[in-house]
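Reader: I am new to reading protein models. Could you walk me through one, feature by feature?

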Amino acid sequence: MGEAGKAMGLLISGTLVYYHCAYRNATILSLFADVLIVLLCSLAILGLLFRQLNVSVPVDPLEWQISQDTASNIVARLANTVGAAEAVLRVAATGHDKRLFVKVVICLYFLSALGRLISGVTVAYAGLCMFCLSMLCQSSQPLGNCVLKLANGEVLEQEAPSDA
């Protein structure tokens, strides 16, 4: 799957999450529970159907497992991320690094002001849309016949390199 396909899949998934959380006024925990129930039931039904029809599948969905190493990697990455965030906040809170303290205060103030204006789900969805848009632009850039480029304060048109 190319970058454009990933971006479209991410945008569609994000739109469904946004609809679930913003318009149905449901929590993200409710969404995860709904998704897990649907996946579990679908995999169980497929597994039972394949067994009844004597269809051999390379991997039986009812016997999926992750290795101990994979589980350890997931937990280690999560612990590292939480630990890094905690370390940054601890250094900022102690006041040893004044610039970091000011950056954290400004970011938290901006986020609280933004949270009073619009919901967090809307902010997350807008960020996802901008991320998907940047992925689409990066993947379609070689396909276009001209690229607008900002150089020395003025917009120039530059021909894209041809494959011929």
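Reader: Where does UniProt place the feature "transmembrane region"?

Author: Happy to show you, with a word on the ground rules. This is a predicted model, so local features need pLDDT of at least 70 and side-chain atom pairs count only at pLDDT 80 or more, while totals for chains, interfaces and linings use all residues. Residues are numbered from 1 along each chain as its sequence is written, and side-chain values use heavy atoms, leaving out hydrogens and water. UniProt positions are given in the numbering used here, with shortened feature names, and annotations may be inferred rather than shown by experiment. In this case the unreviewed UniProt entry puts "transmembrane region" at residues 28-50 and 100-128.

Reader: How much helix and strand do residues 28-50 have?

Author: Helices (H or I, at least four residues) and strands (E, at least two) are DSSP runs, numbered from the N terminus. Residues 28-50 are 100% helix and 0% strand, with end C-alpha atoms 33 Å apart. For residues 100-128 the values are 93% helix and 0% strand, and the end C-alpha atoms lie 27 Å apart.

Reader: How many aromatic pairs does the count come to?

Author: Rings of Phe, Tyr and Trp (its six-membered ring) pair if their centres lie within 6.5 Å; planes under 30 degrees apart count as stacked, over 60 as edge-to-face and the rest as tilted. Here the count is one aromatic pair. The ring centres of Tyr18 and Tyr125 are 4.5 Å apart and the planes meet at 15°, so this pair is stacked. Tyr18 belongs to helix α1 (residues 3-23) and Tyr125 to helix α5 (residues 120-140), so the pair links distant parts of the chain, 107 residues apart.

Reader: Are Tyr18 and Tyr125 buried or exposed?

Author: Buried means under 20% relative accessible area, exposed over 50%, and partly exposed in between (1.4 Å probe, protein chains only). Tyr18 and Tyr125 are both buried.

Reader: How many disulfides does the structure hold?

Author: A disulfide is a pair of cysteine sulfur atoms within 2.5 Å. The structure holds zero disulfides. Take Cys132: the nearest cysteine sulfur, that of Cys129, is 6.7 Å away. Cys132 is buried, at a relative accessible area of 1%, whereas Cys137 is partly exposed, at 46%.

Reader: What separates the C-alpha atoms of Leu11 and Cys132?

Author: A distance of 6.4 Å, although Leu11 and Cys132 are 121 residues apart along the chain. Leu11 lies in helix α1 and counts as partly exposed, because its relative accessibility is 23%.
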